[in-house]
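Thanks for coming. I will go through one model today, starting with the core, then the aromatic rings, then the pocket.

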Amino acid sequence: MKKIFLLLFVAIATSNFAQNLSLTSGNLSFLKGQTEVNVELNYGEPLFQAENFSQTEYLERRHKETVAKKGEASWKTWIDTWEQHVETIWIEKFIEGLNKSKKIKFARNIEAKYTLIIHPTWMYAGWSGFITQPGKLSAEITIVETANPSNILATFKGDKIEGTGSKVDYGMEYGRISAAYEKTGKEVGKEVKKALK
């Protein structure tokens with residue numbers, strides 16, 4: 001029993017200290033007076049898991065595991081859902097987290113003076129079971145002038161931000177990663193709120 005409590009304590013302590021969002025350049029004063037900010041996803045080539053798999057390597061492993069346990073039809077369902085998350089759901093959850101600040105409306109494909117770009121660099125799928133291990137996300141987040149994207153006004157670095165406190169399906173890895181996107185958005189939103197006080 002003592003070992004279980006020790007493991008739980010370590011897990012809680014690790015989750016409290018492992019996640020980090022820092023403003024690495026610029027400041028957010030330019031957002032004063034703004035009501036909307038455009039949001040884009042620059043997906044690129046993120047790495048996965050502690051082993052730093054490429055997405056291709058990660059999906060090949062998931063394909064083998066899924067087909068071995070549940071068959072090809074299950075894999076088709078899984079990969080279709082994964083692709084939906086990559087294309088739309090993760091960015092939607094990120095925006096949902098951003099909009100919890102309620103100071104500025106963040107949305108995709110809107111005309112706004114500034115654009116916030118999230119570039120995921122690493123994702124951790126976590127697991128669910130007797131004890132759930134949350135998904136995690138590391139990302140670079142920049143805010144640029146929409147008309148002149150080379151003018152970077154602020155840069156954040158998110159490091160292993162855990163997806164906790166979200167209303168998503170933690171049963172599948174794409175759901176746990178969704179929660180990490182939402183939490184990252186929430187953390188950026190907190191910084192925006194602070195800057196606009």
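How many residues does the largest nonpolar core have, and which of them have the most contacts inside it? Before I answer, please note that this is a predicted model.

The core has 42 residues. Those with the most contacts inside it are L31, W82, W90, F106, L116 and Y181. As for where the core comes from, helix 3 gives the largest share, 10 residues. Helix 2, helix 3 and helix 4 each supply at least two residues of this core, and so do strand 2, strand 5, strand 6 and strand 7. As background, nonpolar side chains in soluble globular proteins tend to be buried together.

Please keep W82 in view, as we now turn to the rings. A pair of aromatic rings is described by the distance of the centres and the angle of the planes. Searching the whole structure gives 11 aromatic pairs. One of the pairs is F48 with W82, which is tilted, with 5.8 Å from centre to centre and 50 degrees between the planes. This pair links distant parts of the chain: F48 is in strand 3, W82 is in helix 3, and 34 residues separate them. Are F48 and W82 buried or exposed? Both are buried.

W82 also pairs with W90. Their ring centres are 5.2 Å apart and the planes are at 85 degrees, so this pair is edge-to-face. W90 is buried, as is W82.

Which residues do the ring pairs link into a cluster? They are Y43, F48, Y58, W75, W78, W82, W90, Y174 and Y181. Two names from the core list, W90 and Y181, come up again here.

The charged end of K160 sits over the ring of W122, at 5.6 Å from the ring centre.

The largest pocket has a volume of about 500 Å³. It is lined by 23 residues, and the closest to its centre are R62, E65, T66, W78 and E173. W78, then, lies in this lining and also belongs to the ring cluster.

Which helix gives the largest share of the lining? Helix 2 does, with seven residues. Helix 2, covering 55-70, helix 3, covering 72-98, and helix 4, covering 173-195, each supply at least two residues of the lining. By class, the lining has eight nonpolar, seven polar and eight charged residues.

That is the end of my part.

Note on methods: Residues are numbered from 1 along each chain as its sequence is written. This is a predicted model: local features need pLDDT of at least 70, side-chain atom pairs count only at pLDDT 80 or more; totals for chains, interfaces and linings use all residues. Side-chain values use heavy atoms; hydrogens and water are left out. On a 1 Å grid over the protein atoms alone, a cavity is a set of points where a 1.4 Å probe fits but cannot get out, and a pocket is an open set with protein on both sides within 12 Å along at least five of seven lines; lining residues have an atom within 4 Å of a point. Grid points are joined across faces, edges and corners, and a volume is the space filled by probe spheres set on the points. Helices (H or I, at least four residues) and strands (E, at least two) are DSSP runs, numbered from the N terminus. Ala, Val, Leu, Ile, Met, Phe, Trp, Tyr, Cys and Pro count as nonpolar, Asp, Glu, Lys and Arg as charged, and the others, Gly among them, as polar. Rings of Phe, Tyr and Trp (its six-membered ring) pair if their centres lie within 6.5 Å; planes under 30 degrees apart count as stacked, over 60 as edge-to-face and the rest as tilted. Buried means under 20% relative accessible area, exposed over 50%, partly exposed in between (1.4 Å probe, protein chains only). A charge sits over a ring if NZ of Lys or CZ of Arg is within 6 Å of the ring centre and within 35 degrees of the ring normal. A nonpolar core is a set of buried Ala, Val, Leu, Ile, Met, Phe, Trp, Tyr and Cys residues joined through side-chain atoms within 4.5 Å.
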